Number of protein chains: 2
Amino acid sequence: MWQLYQYPLCPHSRTVRLVMGEKGIAHNLVREHPWERRDEFLDLNPAGETPVLVEDRSGDVLIGTQAICEYLDETNPKTPMLEGSAAARAEVRRLADWFGRKMWQDVVAPLLEEKMFKRIISRASPDTVRLRESMRAANGHLDYMDYLLDHRRWLAGSRLSLADFAAAAQLSVVDYLGALDWRGHENAKNWYAVMKSRPGFRPLLGERMEGVAPPAHYDKVDF
Amino acid sequence: MWQLYQYPLCPHSRTVRLVMGEKGIAHNLVREHPWERRDEFLDLNPAGETPVLVEDRSGDVLIGTQAICEYLDETNPKTPMLEGSAAARAEVRRLADWFGRKMWQDVVAPLLEEKMFKRIISRASPDTVRLRESMRAANGHLDYMDYLLDHRRWLAGSRLSLADFAAAAQLSVVDYLGALDWRGHENAKNWYAVMKSRPGFRPLLGERMEGVAPPAHYDKVDF
């Protein structure tokens, strides 16, 4: 059985969970707080980051969102994550990186620091300037989703792909942290409503990070 | 013909150049300084980052190191970059990300800022504390290469792979900036000497970034 090392608000682990949910791959969740830098976890992944996926019988260890998702896609054909021509696959990978790295850096990492780490770990007050900047950046990412969805059925093209799950995973953490304003983003909002009804989303929306409560609309499909 | 948008010290573009060199894929270099945020370049890649690879006849635009390298590997079988089982491929992707993202963040990005941007753009003095930290981090990455090469022929396993080219590309920029100390890193040094003799390396080592001179040993295979 697969063991996924993660914590509820890790958007990268959420990407993996959504992909496993789509593909119907059974797995257990193992709670890991990477900021605690546990020795056993550093032995698994010297980068000290979630997600890590371990097959407890074979001992296989898979590390990193892109590497894990590509592995799951290569070994499990259900709901393919990277379909089409080499150019179409490159566009999926570009956007998986856009959301998983750029949106993470611009929006999700600073929000997690200000709204989660400072609340539950350092007990400091959030930096309101940085919060405002992150929320402005979140708005920019919603604009970009609107733009893509003006031209395409799904974010990377005519097919549902890893790009959609990577984007939805990052967005779901921003939403949990109360930093999304959907006004003026009809395309992105409609797309996110569809994503929320996908198989992997429900268990994920039911979970809570201790000490950090989401807004009331967070787990509603109609928000 | 492929047009690669890059600048000489962009380590991500160097990864793509090494892969194209291995595969014998003809391409032109287009000089792009992403920090100038040229409108035409932002139209190509809204992330404003190099590398971008454009096929000028078909108009295909490929963006991002991993997406480009996977595309080149899928469409050109010479010197495969991701061979073996799904688990072996996951290990290649883990290490390509380790060097392309973690070593970049820990070592290469701060070095470029202190030793290139401050010299040629802002004309400020480098922050010596940050330089020392980057060089210490570079040493840690060499330790990790030594460790991997104690157990394996190449960085990701028994086969030469994208992980080796990603690592060599980052390392070559650190070396250009005079921040490598090979003492005590025999494994990594021997591996890098082999990498330096690969087909894509020679043209790359002959180039210079204006205003930033490399140390004398930089382009020697025997260093």
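In chain A, residues 85–215 form a span that is 71% helix and 0% strand, with its end C-alpha atoms 41 Å apart; helices (H or I, at least four residues) and strands (E, at least two) are DSSP runs, numbered from the N terminus. The structure is a predicted model, in which local features need pLDDT of at least 70 and side-chain atom pairs count only at pLDDT 80 or more, whereas totals for chains, interfaces and linings use all residues. Residues are numbered from 1 along each chain as its sequence is written, chains are lettered from A and ligands numbered from 1 in the order in which they are written, and side-chain values use heavy atoms, with hydrogens and water left out.

The span 85–215 of chain A carries the UniProt feature "domain: GST C-terminal", from an unreviewed entry; UniProt positions follow the numbering used here, feature names are shortened, and annotations may be inferred rather than shown by experiment. From an unreviewed UniProt entry, too, comes the feature "domain: GST N-terminal" at residues 1–80 of chain A. That span, residues 1–80 of chain A, is 38% helix and 21% strand, and its end C-alpha atoms lie 21 Å apart.

Chain A contains an open sheet of four strands in the order β2-β1-β3-β4, with mixed pairing, where two strands pair if DSSP finds at least two bridges between them. Its edge strands, each pairing on one side only, are β2 (27–31) and β4 (61–63) of chain A. Neighbouring strands of this sheet are turned by 20° against each other on average, direction ignored. Strand β1 (residues 2–6) of chain A runs parallel to β2(A), to which five bridges join it, and A:Gln3 stands opposite A:Asn28 in β2(A). On the other pairing, β1(A) and β3(A) are antiparallel over four bridges, with A:Trp2 opposite A:Glu55. Three bridges link β3(A) and β4(A) in the antiparallel sense, A:Leu53 standing opposite A:Leu62, and in the hairpin of these two strands, which has five residues between them, A:Gly59 takes a positive phi near 80°.

Both faces of β3(A) are covered, since A:Val52 and A:Val54 on one side and A:Leu53 and A:Glu55 on the other are all buried (under 20% relative accessible area, with a 1.4 Å probe and protein chains only). Helix α3 (residues 65–75) of chain A lies across β1, β3 (52–55) and β4 of chain A, running at about 125° to β4(A); contact means heavy atoms within 4.5 Å, and axes are lines fitted to C-alpha atoms, for helices over the stretch in contact, with angles from 0 to 180 degrees between N-to-C directions.

In chain B, B:Asp73 belongs to helix α3 (residues 65–75) and is buried, with a relative accessible area of 15%. Beyond its neighbours within four places in sequence, B:Asp73 is in contact with B:Lys23, B:Thr79, B:Pro80, B:Met81 and B:Leu82. Helix α6 (residues 162–176) of chain B is largely enclosed by the rest of the structure, because 15 of its 15 residues are buried, and B:Gly178, which follows α6(B), has a positive phi near 70°.

Chain B is superposed on chain A by a rotation of 180° with 0.0 Å of shift along its axis (RMSD 0.0 Å), by least squares on the C-alpha atoms of residues with pLDDT of at least 70 in both. The two copies are therefore related as by a two-fold rotation axis. The same surface serves both copies, in that 100% of the contact residues of chain B recur in chain A.

Terms used. Buried means under 20% relative accessible area, exposed over 50%, partly exposed in between (1.4 Å probe, protein chains only).
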